[in-house]
Each structure stands twice: as C-alpha cells, then as structure tokens.
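Work through the exercises below with the model open. Try each task before reading its solution.

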Amino acid sequence: MTVVIDFGKLGGKALVRCHPASARGTGLDALKGAGFQVAGVQRWGESFICRIENRPSAVDSAIEGDSGYQEKCIDTPPAAGYWSYWHAGNNCDWTYSQWGVKNRDFVPGGFEGWTFALNSRADDAPKPAIAASRPGTSGQGCTTKVEAGPTTTDLDEKQPDSAAAGGDPAAEDTNSADGDLPAPKPRSTTVTTAPSSEEVPFSGGEDAPDVNETLKEQSRASRYAPWVAGAVLVVLLATMWLTSRRRRAARNA
C-alpha cells in the first residue's frame with residue numbers, strides 16, 4: 001500500500017511512503033502505518049483530518065477573503081482549506097473518496113492520496129500531483145473497479161466488503177442531517193491510465209524537518225526562554241533593591 005501526501009499550495013515537496021501491512025485496514029490505518037503524523041479536530045476526532053505532518057500550521061493562513069483565518073482544528077475545516085482524500089488502483093486515475101478516512105478500507109497494493117485543497121471550488125479539489133503507478137508496472141493498465149458510495153449519513157456506516165468489487169457511485173446520499181458528520185463531497189469516478197513517465201518516485205521524506213522542531217520555530221518558542229525570563233526578573237529585583245538602598249543612604253547622610 002502506497003500513501004502519497006501532496007501539500008499543494010501550502011508548498012513543500014510531496015511525500016510518498018509505504019504502509020507495509022498486507023491485510024486490509026482503514027484509510028487512517030494506511031496514513032498512520034506509513035509513518036505520517038496526523039491530527040484530527042476536537043469535535044469529530046480523527047474522522048476529519050485537520051493536519052498532516054503539522055500542515056497547515058497556524059502560520060499557513062492563506063484563505064481568500066479571510067486573511068486572518070488560522071486553523072485551530074476545533075471543527076470541520078472550511079471548504080476553502082482542507083485535506084482532500086483520494087484513492088487509486090495501480091495505473092489508475094485518482095478518485096475522490098466517497099467515504100471518510102475511518103469508514104473506508106484501503107485496497108492492498110493500491111494507493112491512498114491526500115492533497116491540501118486551498119482556495120478551490122467545491123467541485124475541483126486538486127488530485128495528488130503524483131500518478132498512481134508503481135515502478136516497473138507501466139503499460140499494465142488499470143483493473144480496479146469503481147467503489148460504491150455511502151447510502152446514509154450514519155457516522156458508523158462502514159464500506160461493505162463487496163464495495164471493492166464494484167458498485168454504483170451514484171447511489172450515495174450526500175445530504176447531512178443536523179448534527180451528523182458531513183458526507184464527503186462527490187467527485188468524478190472516471191478511470192484512466194496514468195502516463196508511465198509519471199511513475200511514483202518513492203521517498204521516505206528523510207529531508208523533511210522534524211514536526212516538533214517546526215512547531216518550535218513557528219511559535220518562536222525556545223528551550224531557553226524560561227531561563228532568560230528568570231534572569232531578567234533577578235536583574236530587575238536587584239536593580240530595585242540597589243535603588244532603594246541608595247535612597248535610604250541619601251536620607252541618612
């Protein structure tokens with residue numbers, strides 16, 4: 001199972017990693033199993049992915065019409081800035097997932113993709129820029145069938161075992177009841193063959209900065225900050241003590 005992370009307009013090199021498990025699992029299992037750090041939202045937990053590898057961070061705010069927006073990962077991210085979830089079979093075109101990350105089972109040997117959709121319209125979220133094609137398999141064609149979409153807005157609805165064998169993608173209900181988790185937006189399910197020149201270049205992301213160090217840098221935090229603050233306080237108290245002592249000496253003179 002191959003997982004592709006495309007930061008899109010956030011900037012940064014796309015990451016391609018492998019989830020080594022051969023058994024089936026959810027999209028969330030694949031994302032974590034490939035070694036990516038993720039954060040959900042407070043309201044829905046990891047049912048909605050808010051950050052991947054600490055992106056978008058609080059300083060990545062670039063939503064058109066809301067220059068002061070900062071992603072706090074409290075509720076569902078806005079349509080103008082969210083992680084879109086995709087999947088594909090080998091040598092197949094990327095398909096927007098009709099299922100949530102905890103409700104869909106990945107297909108062993110297939111591809112899972114995440115692209116940050118920034119300032120995109122609801123019907124044109126960008127696909128991962130890297131084609132879903134394993135090295136050495138070009139020309140083999142796409143054999144993955146279209147998956148059936150959800151039929152309800154039930155948060156606990158799971159993709160049926162037969163979904164991977166095909167189904168009618170139009171048979172989904174995308175209307176959300178009040179208080180329910182919004183269903184993923186429908187996308188085109190057209191299947192095409194990826195050009196062989198765009199075969200996936202595997203990368204473990206070794207050159208990517210450590211997430212914790214990035215957090216410190218962005219927040220301008222420093223491990224020495226408490227010591228510096230303490231030193232400033234000591235100097236201030238010492239100055240006040242010396243000033244008071246000089247005043248008493250001047251009065252007694």
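**Exercise 1: a nonpolar patch**

L233 lies in helix 3, residues 225-252. Helices (H or I, at least four residues) and strands (E, at least two) are DSSP runs, numbered from the N terminus. The model is predicted: local features need pLDDT of at least 70, side-chain atom pairs count only at pLDDT 80 or more, and totals for chains, interfaces and linings use all residues. Residues are numbered from 1 along each chain as its sequence is written, and side-chain values use heavy atoms, with hydrogens and water left out.

Task: Classify L233 by accessibility, then find which residues make the nonpolar surface patch with it.

Solution. 
- Step 1. Set the classes: buried is under 20% relative accessible area, exposed is over 50%, partly exposed is in between (1.4 Å probe, protein chains only).
- Step 2. L233 counts as partly exposed because its relative accessibility is 48%.
- Step 3. Apply the patch rule: residues have over 30% relative accessible area and no salt bridge, and nonpolar side chains (Val, Leu, Ile, Met, Phe, Trp, Tyr) are joined within 5 Å, like charges within 9 Å. A salt bridge is a side-chain nitrogen of Lys or Arg within 4 Å of a carboxyl oxygen of Asp or Glu. Areas come from the Shrake-Rupley method with a 1.4 Å probe; for residues, only the protein chains shown count as cover.
- Step 4. L233, L236, L237 and M240 make a patch of about 410 Å².

**Exercise 2: the sheet**

Task: Give the strand order of the open sheet.

Solution. 
- Step 1. Count two strands as paired if DSSP finds at least two bridges between them.
- Step 2. Five strands then form an open sheet, ordered 2-1-7-5-6, with mixed pairing.
- Step 3. Strand 2 (15-18) and strand 6 (95-96) are the edges, each pairing on one side only.
- Step 4. Strand 5 (residues 81-88) runs antiparallel to strand 6, over two bridges. W86 has Y96 of strand 6 as its bridge partner.

**Exercise 3: the disulfides**

Solution. 
- Step 1. Look for cysteine sulfur atoms within 2.5 Å of each other.
- Step 2. C50 and C73 are joined, S to S 2.0 Å.
- Step 3. C92 and C142 form a disulfide with sulfur atoms 1.8 Å apart. C92 and C142 sit 50 residues apart.
- Step 4. C92 is buried at 4%, while C142 is partly exposed at 24%.
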